[in-house]
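Hi,

Here is the structure I promised to pass on. Have a look at it first, then read my notes below.

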Amino acid sequence: MSNTSLGHILWVDDEIDSLKSQILFLENKGYSVTPISNGYDALELLKEKEIDIVLLDESMPGMTGLETLQKIKEQWQDLPVVMVTKNEAENIMEEAIGAQISDYLIKPVNPNQVLLSLKKIMDGKRLISEKTTFAYQQEFRNLFMALNDRPNHEEWKELYKKLVFWELEMTKSGSTEMMEILHSQKGEANSEFFKYVAKNYSDWVLGKSEAPLMSHQVFKNKIAPYLSAEKPTFLIVIDNLRFDQWKVIQHILADFYRIVDEDLFYSILPTATQYCRNALFAGMLPIDIEKKFPNEWKNDDVEGGKNLHEELFLKGQMKTLGLDKLKTQYIKITNNDDAKSLEDNIHNYLKNDLTVIVYNFVDMLSHARTEMEVLKELAGDEASYRSLTLSWFEHSPLFGALRKIAEKDIQLMITTDHGTQKVKNPSKVIGDRATTSNLRYKHGRNLQYEEKDVLAFRDPKLAGLPRPNVSSTFIFAKEDMFLCYPNNYNYYVNYYRNTFQHGGISIEEMIVPVVRLQSK
């Protein structure tokens, strides 16, 4: 909200010219009103302009008010919408309330009118739950058909967005029975997604078929084109941030930043920090990083830190892209002292053209969850894992820092290296002492494993990966599988079951967010 206006109102009505007196009344009261005559133009304007509230006519030709409302809530879920209608039919009113409008006005509209009906106050939550359940029941078949229609990489992204949208809606409405059905549908989706990745992944990395945007291409395609010396850019890489976790922290940022572009990309395999984040900063697949930086790249079986050279890789990529003249600073946050220092000094980074901040907290949270009984209680399922992420972010020094610079004219980009999967089903693997310990992927010599449970690359270069030794095989767990050795098998199965892990093949691990925002 600006200093010269009490609020920016978007009024959408196909008879907008007849509302001039009401608009003038509101403007005289200190509000800024933008009149629009149809839903299509309204959606376009919302992408360009900061709006505080929408007054929306229910009965419009072309895209109806309810259809426009649905589109608004899909993209700007926290934006208040007041439905304005001539129709007093109860079913229309309940449908609008179920779609989470903030108020409901009956034409002719009196500018002084404020309706806070008892029905909405008492039954709002029930109506939202019923509406969500009914709407998902209608959508279920569409999602099922999409799953069975051999989606391509872009269609998989859209499918995942819809699954996350409904999961968040179910969580808000408390529709537990439908949530079980949704989780079953997510399981089916992951089963099909594994088959899709298994069939296409090698062709993607070898350039033999049209590939999705992947880790090593994100900086070049999603970050670099928007960098300049005219506006400071902050690139925040939050380790281990899933798309659903991004969606729950999004609304906290909405008061300070406007989303310009929200997209998803495919994390490379294995979906583990060493591989994905190095690829993100180097702009290369791991096999090429090892060739260009033989002294810096360390395979899993080599002692030493695996992500110590991200700044070097970043500078190399920026030089390749002709961006080495930009003033760039790289910061890694691995503990709370680092985080507080970031918050205290954030204004000093405004002198940079690009400030890259790698924030490890979510990664530490997900790993700690397997070690600490308290976190096992706090993050026992997907919803509580999201809630924990939200609580952390809301009170984090990172959010504090972003609030401090929100009034400056800056560009903010948020992304991650990979997501996580809640693992449930164990699969036995036998290997020698040099075999890696990760629960979702392993590489080693003479691995023995259940072929139905994994995607295997006996020649790592087919997956764009270095070959640690002559007989190395990489395996990646599918869906919600986790890989365990026979030694103390039952103990480790019980210890790690229902924990959040990464490294394997699932929608949650592989399809992750990259978002560009502008300060309001």
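**Helix 16**

The buried residues of helix 16 are Glu-382, Tyr-385, Arg-386, Leu-388, Thr-389, Trp-392 and Phe-393 (buried means under 20% relative accessible area with a 1.4 Å probe, protein chains only). Looking down the helix axis, these buried residues fall within an arc of 160°, so they line one face of helix 16 (the arc is taken from the directions from the axis to the C-beta atoms). Helices here are DSSP runs of H or I, at least four residues, numbered from the N terminus.

Before you go on: this is a predicted model, where local features need pLDDT of at least 70 and side-chain atom pairs pLDDT 80 or more, while totals for chains, interfaces and linings use all residues. Residues are numbered from 1 along each chain as its sequence is written, and side-chain values use heavy atoms, without hydrogens and water.

**The cores**

A nonpolar core is a set of buried Ala, Val, Leu, Ile, Met, Phe, Trp, Tyr and Cys residues joined through side-chain atoms within 4.5 Å. The largest one has 105 residues, and Trp-156, Phe-193, Tyr-201 and Phe-219 touch the most other members. Helix 7 (residues 176–206) gives the most to this core, eleven residues. There's also a second, separate core of 21 residues, with Ile-36, Leu-45, Met-60 and Leu-66 among them.

**Gly-65**

Gly-65 sits in helix 3 (residues 65–75) and is buried, with a relative accessible area of 0%. Beyond its neighbours within four places in sequence, Gly-65 is in contact (heavy atoms within 4.5 Å) with Leu-56, Asp-57, Glu-58, Met-60 and Met-83.

Cheers

Methods. Buried < 20%, exposed > 50% of the residue type's maximum accessible area, 1.4 Å probe, protein only. Helix = DSSP H or I, 4+ residues; strand = E, 2+ residues; numbered from the N terminus.
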